[in-house]
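Trainee: Please show me how to read an interface between two chains. Where do we begin?

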Number of protein chains: 2
Amino acid sequence: MKIIAVDPGLARIGWAILESDGDSFSLVECGLLQTPKEDNLPKRLSEIHSKITGLVSKHKPSSFAVEELFFSKNVKTAIDVAQARGVIIMSAQLTGLPVYEYTPNQVKQAVTSSGSADKLQVGKMVQMLLRLPKIPSPDDVADACALGLCHLFSLR
Amino acid sequence: MKIIAVDPGLARIGWAILESDGDSFSLVECGLLQTPKEDNLPKRLSEIHSKITGLVSKHKPSSFAVEELFFSKNVKTAIDVAQARGVIIMSAQLTGLPVYEYTPNQVKQAVTSSGSADKLQVGKMVQMLLRLPKIPSPDDVADACALGLCHLFSLR
């Protein structure tokens, strides 16, 4: 089974395509999608739509996982991320895939068995579970990988 | 010149199509787009995308105005509206129309000459400027009409 996991953002969006044969998990591809701050909001949002649609079309996953928003940052940032997240979820829905949402705590809990794990701990578990030479970077990409693993665990 | 103005929301979205011949303004059509709370977020967001795209396709306006977010409500509401607003702006951009954003204060200022006008005052000016038998209702629709007028004023 192949899935796509997306860590939403306006300027930086981590994504990961993971595959599972039931017992083990592997990373098919992951990356960071960036939209330039110089571009206006409509252009950045349609760029996100187009890239997300392109990823689904290329990899043909069977479901789509998106991380819930985390509200510790300032309101301006939360609004930017929420606008982009709306576009990501809508783009997922338009591809016809079932969309699953997980909170940051659910992801940490699933991957490390602790809802309060730090980034490094999550990163190390991602590296181990996906048998990678190092922790995926930057953080946005590692987060997408962790989200993808959480989603695969919850589908089992 | 014909324009579309949209007051963003997740559950309730006011929209208005206005026309201007340079001197006077008229309301072509306005309405309230609602998404059912029983539907999940992906479905509601793609419904919004589809309806907005349909309105542009039907009325063929030459530009698209969207209201900026107003942050007085709780964070959960702000996030819901922001996710929907992202979808609305992206949908507008995908139609190829230029997208304009105005703050609630800019709209009030443009329509009533006061940034602190109340809803009734804005509604009455909308009624007068568009020569309507009564204030458009509900508020979301009156707000969209006011936004549309603000946009037409600023294009002059």
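Mentor: We take confidence, then the interface.

Mentor: This is a predicted model, in which local features need pLDDT of at least 70, side-chain atom pairs count only at pLDDT 80 or more, and totals for chains, interfaces and linings use all residues. Residues are numbered from 1 along each chain as its sequence is written, chains are lettered from A in the order in which they are written, and side-chain values use heavy atoms, leaving out hydrogens and water.

Trainee: What pLDDT does chain A average?

Mentor: Where pLDDT is low, coordinates should not be read in detail. pLDDT is the predictor's confidence in each residue, from 0 to 100. Chain A averages 94, and 98% of its residues score at least 70. For the complex, the predictor gives an ipTM of 0.84 and a pTM of 0.90.

Trainee: How much area do chain B and chain A bury between them?

Mentor: Interface size is often given as the accessible area lost when the parts come together. Here the probe is 1.4 Å and the loss is summed over both parts. Chain B and chain A bury about 1800 Å², with 79% of it on carbon and sulfur atoms.

Trainee: How many residues of chain B are in contact with chain A?

Mentor: Contact means heavy atoms within 4.5 Å. By that rule, 22 residues of chain B touch 22 residues of chain A.

Trainee: How many salt bridges are there between chain B and chain A?

Mentor: A salt bridge puts a side-chain nitrogen of Lys or Arg within 4 Å of a carboxyl oxygen of Asp or Glu. The count between chain B and chain A is zero.

Definitions and conventions: Buried area is the accessible area (1.4 Å probe) that two parts lose on being put together, summed over both.
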